[in-house]
Amino acid sequence: MTTATQPLHLRLGMTDEEHESLLALLGREPRPAELAMYSVMWSEHCSYKSSRSHLRRFPTEAPWVVVGPGENAGVVDLGDGWLAALRIESHNHPSFVEPYQGAATGVGGILRDVFTMGARPIALWDQIRFGPLDDPKNRYLFNGVVSGIAGYGNAVGVPTVGGEIEFDPCYSGNPLVNVMCLGILRREQLVLGTAGTPGTVAILLGRATGRDGIGGASVLASASFDDESQEKRPSVQVGDPFEEKKLIEACLELYEKGLVVGVQDLGAAGLSCATSEPAGRAGVGIDVDLDAVHVRETGMTAPELLMSESQERMMAFVSPDLVDEVLAVASKWEIDAAVVGVVRAGETLTVRHDGHVVAEVAAASLADEAPLYDRPMRRPDWLDRMWAHPAHAIDDEPSEVLLRLLDDPALGSTAWIHEQYDHMLFLNTVAGPGGDGSLIRVRGTDKALAVSTDGNGRLCHLDPRAGAARLVYEAALNVAVTGARPMAVVDNLNFGNPEKPEVMWQFRESVEGISEACETLGVPVVGGNVSFYNETDGVDIHPTPVVGMLGLADPMPIPPPRLSRAVEGMEIWEIGPAPSANLAGSAAQRVIQGELTGRPTLPDPEMARQVIATAVELAHSVPVLHDISDGGLAVGVAEICIAAGVGATIADIDTGQLFSEDPHRFIAVFAPGTVELPEGPARRIGVIGGQTLTLGRSQPIALDLLAETHRNAIPRRMAGA
Amino acid sequence: MRTAVVVFPGTNCEHDVVHALTVLGGEAELVWHRETDLSGFDGVVLPGGFAHGDYLRTGAIARFSPVMSEIERMAGQGRPVLGICNGFQILCEAGLLPGALIANRDLAFICRFVDLEVTDTDTVLTRTAEVGQRVRIPLNSYEGSWVDPSNTGRVALRYVDDPNGSQQAAAAISNDEGNVVGIMPHPERGVDELLGSGDGRALLEGFLHSLVPA
């Protein structure tokens, strides 16, 4: 808790020790504006001070990586002069305090990260997690977040083509709202966040600066929640998608005309970040004139101007002879623009306000001298107790279990969500929401980009290292079944309070798991985000790393595999290792048994690589490929039946194996004798046909009931029933 | 034959419309909303999006954009004028089509394929179609429910299963002359089977066939 009687640095979220090191760095007391800048730049959210040392573990290199972690977005080479830019970010805390604006500004922020690189944003994916929908508060948060994503994404004109949904009590006090964005660009349009050389002019583009979002990164995003968190509402920014749309078009025109040296978006830490980071990267200093900043309220102080997180703003670094041309483009798109700074030789960031120098510090020090913590780690002692109690077997009727799973809001149809999102704009969405990976074509080429985003808090709670590795393999298999080869990962690491050794251990283990799996597949991590302090009243969320996998299909299979292409008489095959009956961490364990015990099945790196390669190969000839994940084989087959409007008969398989989520498996459906399967484990498990789904000796389920149960899982809960 | 595709700040379907018309053999060009001379064009499309942020009310600000007087002139001269989604809302606000678009019956944004039935072939959008012909194209709107207290709008296409509460289940309407048409679903999103449907071609081909030299 903070009070007005505390020293200023504590109120700004800076510890006494960090304040001491700032005094040592400057050799004097910081001025108020300087303290404001350091407090946000040294926040957990901006500086990654608890995670930085661990993130170095990630493999980040591959011949196709053009820009790795550290810039606004990762960039990879698609061949033939095309590049893709991608980034993922969280807006967890703002979305709990104000769900609509929190989610909306999360979308706005991730778009800016991508078009800052010179790319046109072409698609968004949202990964959202809430507490159970029987609690009205969770329904309010869920509805608000979906509305915010729709309200901003639809209006800004970037399609939301997929994502992920999960419900678990651990997210009741702390929902997770992650968003990933993909952009494409021609190689010559790539722009970096550099301030350029002395004489370069800094032009602030976009919305006027106000008092919204002050301390968003430090006071809100880098602290835990308690009963007084609702008082932090003024720290949430307010978004305006119309301003963002104009800003996107104006920036793309600036890039196309070659008018900028570098660009940096104004997100967390606002002007403090957008001046110091580009100057630091370029090894130059910069003079900033706060009186030139266009504002929408009077009387703002220098610290407020420097910390404001007002949305829809961009800093362009421009050669002095091109300033008029840049201002003309801004004027055409009806956005405000102001010359607010000039790059200087040396390394000093000098800020003036009301004619006085209010800050004079080494530009690079705001980022480079940030504290770095080696926080203590401890393996949680409850982990062995969980592992000592293997998951119970399910003795219910398989058909009943299947219907209960399809009625679960995390496994049922996502139509209630994705039909509120424009997921078709730009005419590129070959495979949209509701399936495995999304498939987005690159027009004018034979290429398509596949993306899958995957997280699983329960798996990672039971085994953070193996769980995180399995996410990478699952995401890779999801893009593989669309015909794409996995090529790059971005990750969003959502964790509890890093000051607790158990949370820090979970974090380290997850980073290790992601790294190992990425190394196995030869896929680099090109960017990411860390969200700590996801705890409310001392209770941490499950460790929830989310992996966003980008794959390239070149050429794209036409037509690509689709669940709806299953027809009467086709055979159903399960490709990959035969599953165990271990249900630890599975959806069946959660929904049917309501417990969380046991140790999930470990991934098999060699098998993962082989199965993924098989899927990529088969995607060019097999009409239906479907990853086996949440709900296991039974739910996978049911999803095919629902999408294709046809029944199926499945062999008499052990109930545990029907609902097992053991990794590295997918379903292939094809007419008998039409496909030669590559070497590797595979078994024929059934046949497509009829108007019922029959699981072995279990009672057949009518297709209508299957479809209706699946369709109503979310709507019936949102209706309060 | 050249078609102007008007871009307001906030418009977002302009490139899709140009792509669809081009694929069908038409010639389409983007025109900024401040343009005051469309004399080189034979027809005009107002694409979907959020013109001027849809502030105040959908289409309410766009109707005052400089380009609108040229669109009124072309409409009056019998040239094909097509408003899609937000463009439909703008044409209603501008008084070139009767009625108005209000929030969907269920107060939620709807983005999905819908089935339509052609009810009138005497319009620039439906002239190459047949009465009773079914087309399946995507709907993508929040203010998509058409109401017309004047009861003067001619329904060109209706929803087979009305998703948003439109009067007469209207999905597309025209003026008396049939040269000004507003459609709420997106024909330009239905020109490629790979994306789910090629049914929009029948409508946009009708529009292209309606163009005659200026």
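Colleague: Which residues is A:Cys641 in contact with, leaving aside its neighbours within four places in sequence?
Modeller: This is a predicted model, and in it A:Cys641 touches A:Val646, A:Gly647, A:Ala648, A:Leu693, A:Leu703 and A:Leu706.

Colleague: And which residues have the most contacts inside the largest nonpolar core?
Modeller: A:Cys641 is one of them, together with A:Leu86, A:Ala316, A:Val472, A:Ala615, A:Val637 and A:Ala668. That core has 306 residues.

Colleague: Nice. Which helix gives the most to this core?
Modeller: That would be helix 19 of chain A, residues 464–480, which puts in eleven residues.

Colleague: At what angle do helix 3 and helix 11 of chain A pack?
Modeller: At about 80 degrees, with the two axes 9 Å apart. Helix 11 covers residues 270–282. Because angles of 65 to 115 degrees count as roughly perpendicular, that is the word for how helix 3 of chain A lies to helix 11 of chain A.

Colleague: Which residues make that contact?
Modeller: Helix 3 of chain A brings A:Met37, A:Val40 and A:Met41, while helix 11 of chain A brings A:Ser272, A:Cys273 and A:Ser276. By class, the contact has four nonpolar and two polar residues, with no charged ones.

Colleague: Now chain B. What is the strand order in the open sheet of nine strands?
Modeller: The order is 2-1-3-4-11-10-9-6-7, and the pairing is mixed. At the edges are strand 2 (27–32) and strand 7 (134–141) of chain B, each pairing on one side only. On average, neighbouring strands are turned by 25 degrees against each other, direction ignored.

Colleague: Do strands 3 and 4 of chain B run parallel or antiparallel, and how many bridges join them?
Modeller: Parallel, with three bridges between strand 3 (residues 43–46) and strand 4 (residues 81–84) of chain B. B:Leu46 stands opposite B:Gly83 of strand 4 of chain B.

Colleague: Which strands does helix 3 of chain B touch?
Modeller: Helix 3 of chain B, residues 86–93, packs on the sheet against strand 3, strand 4 and strand 11 (180–183) of chain B. Its direction makes about 120 degrees with that of strand 4 of chain B.

Colleague: Last one: how many residues does the contact take from chain A and from chain B?
Modeller: There are 22 residues from chain A and 20 residues from chain B. Helix 8 (136–156), helix 10 (241–256) and strand 14 (429–431) of chain A each give two or more residues to the side that touches chain B. That side of chain A divides into twelve nonpolar, five polar and five charged residues.

Definitions and conventions
Residues numbered from 1 in each chain as written. Chains lettered and ligands numbered in written order. Predicted model: local features only at pLDDT ≥ 70, side-chain atom pairs only at ≥ 80, totals over all residues. Core = buried A, V, L, I, M, F, W, Y, C linked by C-beta atoms within 7 Å. Buried ≥ 20, exposed ≤ 12 C-beta atoms within 10 Å, placed from the backbone. Helix = DSSP H or I, 4+ residues; strand = E, 2+ residues; numbered from the N terminus. Contact = placed C-beta atoms within 7 Å. Nonpolar A, V, L, I, M, F, W, Y, C, P; charged D, E, K, R; others polar. Axes fitted to C-alpha atoms, helices over the stretch in contact; angles between N-to-C directions. Parallel < 35°, antiparallel > 145°, perpendicular 65-115°, else oblique. Pairing = 2+ DSSP bridges.
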